[in-house]
Amino acid sequence: FLTGCEDKGVDRAKAEQIFADILEFGSYAFNKAHSTGYAIVAYKTAYLKHYYPTEYMAALLTFEMGSTEKVSEYIEECRRMGIRIAPPDVNVSENDFTVVTGDEMLIRFGLAAIKGVGEKAVGAIMAARSDGEPFESIFDFCERVDLGAVHRTVIEALIKCGAFDSTGAMRKGLVAVLDDAIH
């Protein structure tokens, strides 16, 4: 810097003063700029959490759904805030955590957040139920979904987490008839 200034005709003492000013400014300007940005993000986050708590928490759960530990932590935060988490359901759950329309304090668990269930499988499930008819049984489910995308281990994960409870069948019974349903 100093050599460059001298090459441009700036007095050495003046160049040293400018360099000292740059160092002094740099010691707080960078941090100040970052802290301002973080303050804006913190303000907006706090605003959303306060005025749109269910939507905020659904978005946060969706963002963190790859981390079982974070999802558990945020579900506990939802409980503290009075927001209920409905279990996953093959008939109504979507890929992500979603706010249940008509109930401002209820989030439906997202199917993609279930360990062992990927977005491809969720897409196949949602495509199969696009006719508007709910799955009535495990057999109905296996007849309507693409079993290339929704394989046995995915269905077993759905059974074990309660995603078929809305069909009225018992989980143990569903596991017992799963092979028959697939074939």
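Thr54 has its place in helix H3, where helices (H or I, at least four residues) and strands (E, at least two) are DSSP runs numbered from the N terminus. Welcome to a predicted model, in which local features need pLDDT of at least 70, side-chain atom pairs count only at pLDDT 80 or more, and totals for chains, interfaces and linings use all residues. Residues are numbered from 1 along each chain as its sequence is written, and side-chain values use heavy atoms, with hydrogens and water left out.

- Is Thr54 buried or exposed? Thr54 is buried, with a relative accessible area of 1%; buried means under 20% relative accessible area, exposed over 50%, and partly exposed in between (1.4 Å probe, protein chains only).
- Not counting residues up to four places away in sequence, Thr54 touches Ile83, Val99, Glu104, Met105, Leu106 and Ile107, with contact meaning heavy atoms within 4.5 Å.

**Helix H3 against helix H4**

- The axes of H3 (residues 53-63) and H4 (residues 68-81) come within 10 Å and cross at roughly 170°. Axes here are lines fitted to C-alpha atoms, for helices over the stretch in contact, and angles run from 0 to 180 degrees between N-to-C directions.
- H3 and H4 are therefore roughly antiparallel to each other; angles under 35 degrees count as roughly parallel, over 145 as roughly antiparallel, 65 to 115 as roughly perpendicular and the rest as oblique.
- On the H3 side, Pro53, Met57, Leu60 and Leu61 make the contact, while H4 brings Val71, Tyr74, Ile75, Glu77, Cys78 and Met81.
- Sorted by class, this contact has nine nonpolar, no polar and one charged residues. Ala, Val, Leu, Ile, Met, Phe, Trp, Tyr, Cys and Pro count as nonpolar, Asp, Glu, Lys and Arg as charged, and the others, Gly among them, as polar.

**The sheet**

- Three strands form an open sheet with mixed pairing, in the order E1-E3-E2; two strands pair if DSSP finds at least two bridges between them.
- Strand E1 (84-86) and strand E2 (98-99) stand at the edges with a single partner strand each, so one side of each is left without a neighbour in the sheet.
- E2 and strand E3 (residues 106-108) run antiparallel and are joined by two bridges. Val99 has Ile107 in E3 as its bridge partner.
- H3 lies across E1, E2 and E3, running at about 25° to E3.
- Ile107, placed in strand E3, counts as buried at 0% relative accessibility. Ile107 and Met57 are 50 residues apart in sequence, and their C-alpha atoms are 8.4 Å apart in space.

**Leu111 in the loop**

- Leu111 is found in the loop between E3 and helix H5 (119-128) and is buried, with a relative accessible area of 0%.
- Leaving aside neighbours within four places in sequence, the contacts of Leu111 include Pro88, Asp89, Val122, Ile125 and Leu158.

**Cysteines**

- How many disulfides does the structure hold? The structure holds zero disulfides, a disulfide being a pair of cysteine sulfur atoms within 2.5 Å.
- Cys142 is buried, with a relative accessible area of 6%. The closest cysteine sulfur to that of Cys142 is in Cys161, 15 Å away and too far for a bond.
- Cys161 lies in helix H7 (residues 152-161) and counts as partly exposed at 25% relative accessibility.
- Beyond residues up to four places away in sequence, Cys161 touches Pro88, Ile114 and Arg171.
- Cys5 counts as buried at 12% relative accessibility.
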